[in-house]
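The sequence and the model are shown first.

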Amino acid sequence: MKAAIYQGPGAVEIHDVPDATLSRPTDAVVRVVRACVCGSDLWGYRGVLPNKPSGSRLGHEFIGVVEEVGAEVREVKVGDLVVAPFQWCDNTCETCRDGIQTSCPNTGTFGAAGADGGQGEAVRVPFADGTCVVVPGGMAACDEATLASLLALTDVAATGLHGAVLSGVERGDEVVVIGDGAVGLNAVLGASAVLGAERVVLVSTHDDRAALGREFGATDIVPARGDEGVEAVAALLGRKPKHVVEAVGNPDAWDMAIAMLRPGGTVGSVGVPHVRPELPLFPVLRGNLTVRAGLAPARHYLPDLLQRVLAGGYDPGRVFDLTLPFGEVAEAYRAMDERRSIKTMLAF
Ligand SMILES: [Zn+2]
């Protein structure tokens, strides 16, 4: 089969790799239907992750059709269309039952060393019954927009929502989202459509992303970063906010979130740090702030979000503004790296 392979900074190529096969009785093999490039893939692509070896597999976001199941797989059947979160999990242990499947002792990330990546023709899915969520009706029930939204559930929709959940925002509240990438935009959508926030302020300096943010439920756009952004938010709201989502993962975004919060406020952080941002503890202490951060347990949110997608009116897949055939995966990386695309989907 063919899979995308990291060849070094700025270089992604498609190579022949061994076919995905069952190696444990709890595995399934899934034929990929749609996959995509994640903002976090770009850290490796840009060479920011010095430990990413040339020859690595790529991609942790995919949906597909089950081709083969191991002897102990009970729920997932051959022919099912399934959504897999970006990390697999057993979904039976205490940690999984607590709803933090990304911390499961049996978890791992698709595309990491030793695992098949989503940016390939097929994927071995460990703990298939725990990991996969079956789409009722399968491919026949899905149009292109539905497939895009199901794909978004594998990571960005759940990650954005998780940021909003961690920030403590509830129905009728106001919340500020820092970051206008696919995750930040989905934090807006999650805060608005799922959690019922009344006022959602998106910090965005890109007109196209701000426009989608408004369609996702942002009531206000603040086109400024740093101290200027902090002041603009306070002026807009008439006070500092109590709930902030940090969806970038770099030190500037952390500083902005901490500076922006009202005493007693909470920041929910889902931006993946790659450059070791240091948490400024003194402002946290002085402000009695709560800092919550977490890799989103997409598997926890998936059943509910899947129902929302299939019911209509909740369309996280709108973040995909470019779709390319899998053969053009290198261009998909370039388009996202150069910010010509918010998020690029790959069709197989
Ligand atoms: Zn578990």
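How many salt bridges are there between domain 1 and domain 2? The count is one, where a salt bridge is a side-chain nitrogen of Lys or Arg within 4 Å of a carboxyl oxygen of Asp or Glu.

## Basis of the model

The model is predicted; local features need pLDDT of at least 70, side-chain atom pairs count only at pLDDT 80 or more, and totals for chains, interfaces and linings use all residues. Residues are numbered from 1 along each chain as its sequence is written, and side-chain values use heavy atoms, with hydrogens and water left out.

## Domains

The domain assignment of the protein chain gives domain 1 as 2-155 + 297-347 and domain 2 as 157-293. Such bounds come from an automatic or database domain assignment. Taken over C-alpha atoms, the centres of domain 1 and domain 2 are 26 Å apart.

## Interface

Contact (heavy atoms within 4.5 Å) links 23 residues of domain 1 to 20 residues of domain 2. Domain 1 and domain 2 bury about 1900 Å² between them, with 64% of it on carbon and sulfur atoms. Buried area is the accessible area (1.4 Å probe) that two parts lose on being put together, summed over both. Of the area that domain 1 buries against domain 2, Y301, R318 and I342 supply 30%, more than any other three residues.

R318 also forms a salt bridge with E215, with the closest N and O atoms 2.2 Å apart. Six residue pairs, both at pLDDT 80 or more, are in polar contact across the interface of domain 1 and domain 2. A polar contact is a pair of N or O atoms within 3.5 Å; within protein, one must be able to donate a hydrogen and the other to accept it, and residues adjacent in sequence count only if both atoms are side-chain atoms.

## Elements at the interface

On the side of domain 1 that touches domain 2, the elements giving two or more residues are α4 (144-153) and α11 (298-311). Helices (H or I, at least four residues) are DSSP runs, numbered from the N terminus. With five residues, α11 gives the most to that side of domain 1.

Eight of the 10 residues of α4 are buried, where buried means under 20% relative accessible area (1.4 Å probe, protein chains only). Among the buried residues of α4 are T146, L147 and A148.

Conventions: Buried means under 20% relative accessible area, exposed over 50%, partly exposed in between (1.4 Å probe, protein chains only).
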